[in-house]
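Reader: I would like a close look at a single part of this model. Please keep to the geometry and the surroundings.

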Amino acid sequence: MADADINFYFDPVCPFAWMTSKWVRKVQAQRDYSVDWRFISLRLLNAHIDYDAHFPPEYEAGHNSGLRLLRVAARTREEHGRAAVAPLYAALGARVFDSEPVADDKGERGRRGTRAFLEPALAEAGLPATLSEALDDTSWDAVIQAETDEALALTGKDVGTPILHFQPPEGVAFFGPVISRLPSDEQAAELWDHVVGLARFPGFAELKRSLREKPQLRSFGVKEDEVGVREDWHGGSRRLKK
């Protein structure tokens, strides 16, 4: 597509990317702007990390699943166009996060990278089941790595997901905004205007805190009318520093 109003870099297994994407879609329904859904892999981003030392035990399996799903997204974009990524991400995110909580174990996180998990999402997005063949096709990793590198070149390397690039290619990009609650329609537009205001200032660098509420997502056991408990996150993990 021609330059979109926003390039949104996501990993389908990142809860904060999913929450931010729901906000972005909500504003998109109210405002006339376009989004190009692009890829950033938490597994590739953390390729140099010792997962056992830095993350809870289920994270590596989850990040591996994210990479497998991004391979499918990359093939989807190649064969069905950039617009096909939006409904696929929507279907995947709903299955991962807008569903009942699952055990924090490697098996359950790894299941998200299987055909049994993926194919219903492909059907919901109106895409052929044959795209699931890309789950094991590592030839797509070069595309995903290049886009991950592209995102990090815009922000620096000490970030996570999502990354938003406003008014590309010249506009400002940054990690976030990281939100734990889905705003109302009115709040969504107001938050959008504030974020765009920051993005329009070329000298804007960072606003950050590590305290986050557990995301307002069913998969985290937090209902839409509830507020998640506040936790201290370090390097994308709820594991506290020792």
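Which strands and helices cover the buried residues of H8?

Author: The model is predicted, so local features need pLDDT of at least 70 and side-chain atom pairs count only at pLDDT 80 or more, while totals for chains, interfaces and linings use all residues. Residues are numbered from 1 along each chain as its sequence is written, and side-chain values use heavy atoms, with hydrogens and water left out.

The cover of the buried residues of H8 includes strands E1 (6-10), E2 (35-39) and E3 (163-166), together with helices H2 (42-45) and H4 (59-80). Contact here means heavy atoms within 4.5 Å. Helices (H or I, at least four residues) and strands (E, at least two) are DSSP runs, numbered from the N terminus.

H8 itself spans residues 141-155, 15 residues in total. From first C-alpha to last, H8 reaches 21 Å, close to the 21 Å expected at 1.5 Å a residue; the expected span is 1.5 Å times one less than the number of residues.

The buried residues of H8 are Asp141, Ile144, Glu147, Thr148, Ala151 and Leu152. Buried means under 20% relative accessible area, exposed over 50%, and partly exposed in between (1.4 Å probe, protein chains only). Viewed down the axis of H8, the buried residues fall within an arc of 140°, so they line one face of the helix; the arc is that of the directions from the helix axis to the C-beta atoms. Ala142 and Ala153 are exposed, on the face of H8 turned away from its buried side.

Just after H8, Gly156 has a positive phi of about 95°.
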